[in-house]
Structures are given as C-alpha cells and as structure tokens.
Amino acid sequence: MPAALVVGGGVAGPAVAQLLARDGWDVQVVEAHAQPDPYAGLFLNVATNGLAVLQTLGLRERLLADGHRAGRMVMWSRTGKELGVVPNGPAREPERGSVVVRRSWLHQVLQEGSDAAGIRTTLGARLVGIDQDDDGVRATFADGTTARADLLVGADGIGSPTRRYIDPAAPEPTYSGLVGVGGFARVPGLAPTPETQHFVFGARSFFGYLVRTDGTVYWFANITAPDRHASVTLDDLRDLHADDPHPVPDILRATTEELRPYPIDDLVGVRRWSRGRVVAVGDAVHATSPSAGQGASLALEDAAVLARCLRDEADHTAAFARYQELRQPRAEAVVRYARAINAQKRVTRSRLGVAVRDAMMPLFLRRAADDTRNDWLYEHAVD
Ligand SMILES: Cc1cc2nc3c(=O)[nH]c(=O)nc-3n(C[C@H](O)[C@H](O)[C@H](O)COP(=O)(O)OP(=O)(O)OC[C@H]3O[C@@H](n4cnc5c(N)ncnc54)[C@H](O)[C@@H]3O)c2cc1C
C-alpha cells in the first residue's frame, strides 16, 4: 500500500487525506498545533463549490447542522441606505447558496471524517525539514522525530514550509492594506438574519455581520491600515464605527472579548507546486484574501483534484503536473477577484473618492441579484 504524509490539519489536509485513503493510500496527517483553538480564525464562508466537495466526503449535512445558511449578501452604505443584494452562490438559486460556520466547527467535522476513515492524526508535530531520495520522502519535525512516506502533501497554509522547500525562490504573501478583526456577540432585541449576511461600507472601516437563529452575532471588520501590524483595540473599532448605521455600533458595544487583529494577505504566482515526491495544496500555493469567501472552498477543491490526478495519472510526476495545470488558473482568478473587492473595502481619505463610490455602488449592484457573471466562482465541478 503506498503511503502519504499530509502536513497540516487545517482544511485541505484532512480532505485530501480522506480522499487518498479511499483510493487505497495509507495516510497519516501531522499538525503543528498541539490542540484545537476554538477562537482561532473565527468563522468563514464555505461556498457552494466547497460544499460540493464536502458532499463527496459525506460531510456536507454534518457541516450544515451548525451552519448559518447565507445565500444572499445585503450591502449597505455608511448612511444606512441599502445598496443592493448580491448572491452568495449561483444567481437566482439561494437554496444552493453558501453557508457561514465557525472555523472550529469546520475543523471538527473534517476531523470526524478523518477519524471515521481510520486516518492517524498527530497533533503537536511541526514540520521543519524535508529530504527525499529515489525511494521516498522524509519529514523532520521540531522535536527531532522523523516520518517517511512515498509522497508528502504540504497542506500547511499560507506560511507553508513545504512551499519554501519546493521552491526557495517562491513569492511571499502580499499584504492587502487591510487588517481584519472579528468576534461574536449577543445584542438584545437584534433579530436573526436567516439566509443572509449583511455588509456595511462604513465611513472609516468595512463591517460584516449575521445573526444566527439563537441570537448569536458573528461579525468582522476590515480596517484600512498601511501597517500590516497595526494594533486595533475594541475601543478603536467602536470609535471607527461610531457613526455607522444600526446595528453596527450596538454589536461592537456588546462585544466583550479582546480582538486579535490579523493582516489580510494573499498569494499568487507560485510557479512550482511540486518537487519530486512533494506537492502542496490550498493556501500553501495560492491564498485568496477572505473577501471572496473562497479560501476554504478552493482548498477543498485542490484536495479533490489532487486525489483524482493521483488516481488517474500514470505516476506522481504526471499527477502533480496535471493537478497544477488544472488548479492554478482557477485559484489565481479567484485571488484577483478578491483583490478587486478589497479595493472597494479600502477606505480612501478623499471625500470625493467616498462620494463617487457611494454614488456608483447602487448602479453596479442594481441587478446583482440576477447577475450570473459570478456563477463561475460557485459552479465549479471538480469530478
Ligand atoms: C480571518 C480569516 C477569515 C477567512 N474567511 C474565509 C471565508 O469566509 N471563506 C473561506 O473560504 N476562506 C476564508 N479564509 C481563508 C481560509 O481560512 C483558508 O483559505 C483555508 O483555511 C486554507 O486551507 P488550508 O488547509 O490550505 O490552510 P489552513 O487552513 O491554514 O491550514 C494549514 C494548517 O497547517 C498547519 N501547519 C502550518 N505549518 C505547519 C508545520 N510546519 N507543520 C505542521 N503543520 C503546519 C497549520 O497549523 C494549519 O492547521 C479566511 C482566512 C482568515 C485568516
């Protein structure tokens, strides 16, 4: 039985592990974190295309059991005017729309899938070195232990050591000019937002929120900041959004947990996705900023395509080449799409710029609900 070592127990890692195990691989997953962090990463959008991969894994319904269906996104101006409704899924098919889940729930569901498939997952194993010969590949971990396999799949995220092993000259992530923060809150009297997520082009920062049926609010803000390490406190954020429409200030007032700001980066132009017996998937080789709501879904798609190529191609060399050929154009198109959204989110200091944006946005969004031009994001069939 051929053996694969999957580095990274995020999204792509457990997914590719389960698909390879189905095809007869002996798979082991190693993850740097010693234990899950339920707060890390807050929540994310699993799009229609990502849900399709979860369906293949038999995990879709389980994920939906604790998800907030959000097939539509309602856009608001800083004065509280509705700018338009954008489908979060194929146009005119809200029932096939995307779902917002806590990241920890997505991880738990994927882990349950790995456990059910009998895949060994080792936590607290941080990859620090890779070397390979004609017979296999060896991974070395921070504690000095090693593991051998026929192939190594690097699903180790945007800071991927696997990417650096594959190509030490690979580009580094690019900062978007936006710092993200987010949290959870309960605002007395704030009604649930079924099927919907709301987005506010605030006067000084971009804000998104939804209210689950149990009243829990999931919210995030994207703050324009030239410095990727800009510190943002809850008080700063309350101040930035003080003049924005209801319920934004109330949500921030009701938030009690301290913020964990993170720079929003993306990554394109990684020329080599594999080297010998080593290949990388997901954010390790193409990271989109969260604005497209597609990073996790692309990671799931990668997993499905890589497993298919390893099944259908003559050997791993042909499989890795075909996998990159199939995936790179799509993944990078999504990154570019997200960059265009980021440009709308960045707050310009020019009053004229803000006025032009606020005047143009309703025109752009007027027919968005029926616009099928973004269906390519969601309708991507991988197998
Ligand atoms: C705040 C935020 C919001 C986001 N919102 C969305 C959204 O709404 N929708 C969406 O689709 N995407 C979103 N994304 C992007 C999405 O989270 C990523 O695209 C997705 O998680 C990529 O999956 P991955 O498996 O490639 O990498 P990751 O999920 O990052 O997993 C990589 C794993 O590798 C592990 N690892 C790293 N280095 C090592 C090592 N040396 N040894 C062993 N293990 C290692 C990490 O600990 C991690 O568990 C968001 C990202 C952020 C930061």
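Modeller: A salt bridge here is a side-chain nitrogen of Lys or Arg within 4 Å of a carboxyl oxygen of Asp or Glu. A search of the whole structure finds 18 of them. This is a predicted model, in which local features need pLDDT of at least 70 and side-chain atom pairs count only at pLDDT 80 or more, while totals for chains, interfaces and linings use all residues. Residues are numbered from 1 along each chain as its sequence is written, and side-chain values use heavy atoms, with hydrogens and water left out.

Start with arginine 322 and glutamate 325. Their closest N and O atoms are 2.4 Å apart, in a salt bridge. Both belong to helix H9, residues 316-345. Helices (H or I, at least four residues) and strands (E, at least two) are DSSP runs, numbered from the N terminus. Arginine 322 is partly exposed at 32%. Glutamate 325 is exposed at 52%.

Next, aspartate 133 and arginine 148. Their side chains meet in a salt bridge, 3.3 Å from N to O. This pair links distant parts of the chain, 15 residues apart. Aspartate 133 sits in the loop between strand S9 (127-132) and strand S10 (137-141). Arginine 148 lies in strand S11, residues 146-149. Aspartate 133 is partly exposed, at 39% relative accessible area.

Then comes aspartate 371 with arginine 373. Here the closest N and O atoms are 2.7 Å apart. Aspartate 371 is partly exposed at 25%, whereas arginine 373 is exposed at 65%. Elsewhere, salt bridges with shared partners join Glu301, Asp302, Arg327 and Arg330 into one network.

Now the nonpolar side. Leu352, Val356, Met360, Leu363 and Phe364 form a nonpolar surface patch, with about 530 Å² of accessible area together. Patches take residues with over 30% relative accessible area and no salt bridge, joining like charges within 9 Å and nonpolar side chains (Val, Leu, Ile, Met, Phe, Trp, Tyr) within 5 Å. The areas come from the Shrake-Rupley method with a 1.4 Å probe; for residues, only the protein chains shown count as cover. Leucine 363 belongs to helix H10, residues 351-365. Leucine 363 is partly exposed, at 48%.

Definitions and conventions. Buried means under 20% relative accessible area, exposed over 50%, partly exposed in between (1.4 Å probe, protein chains only).
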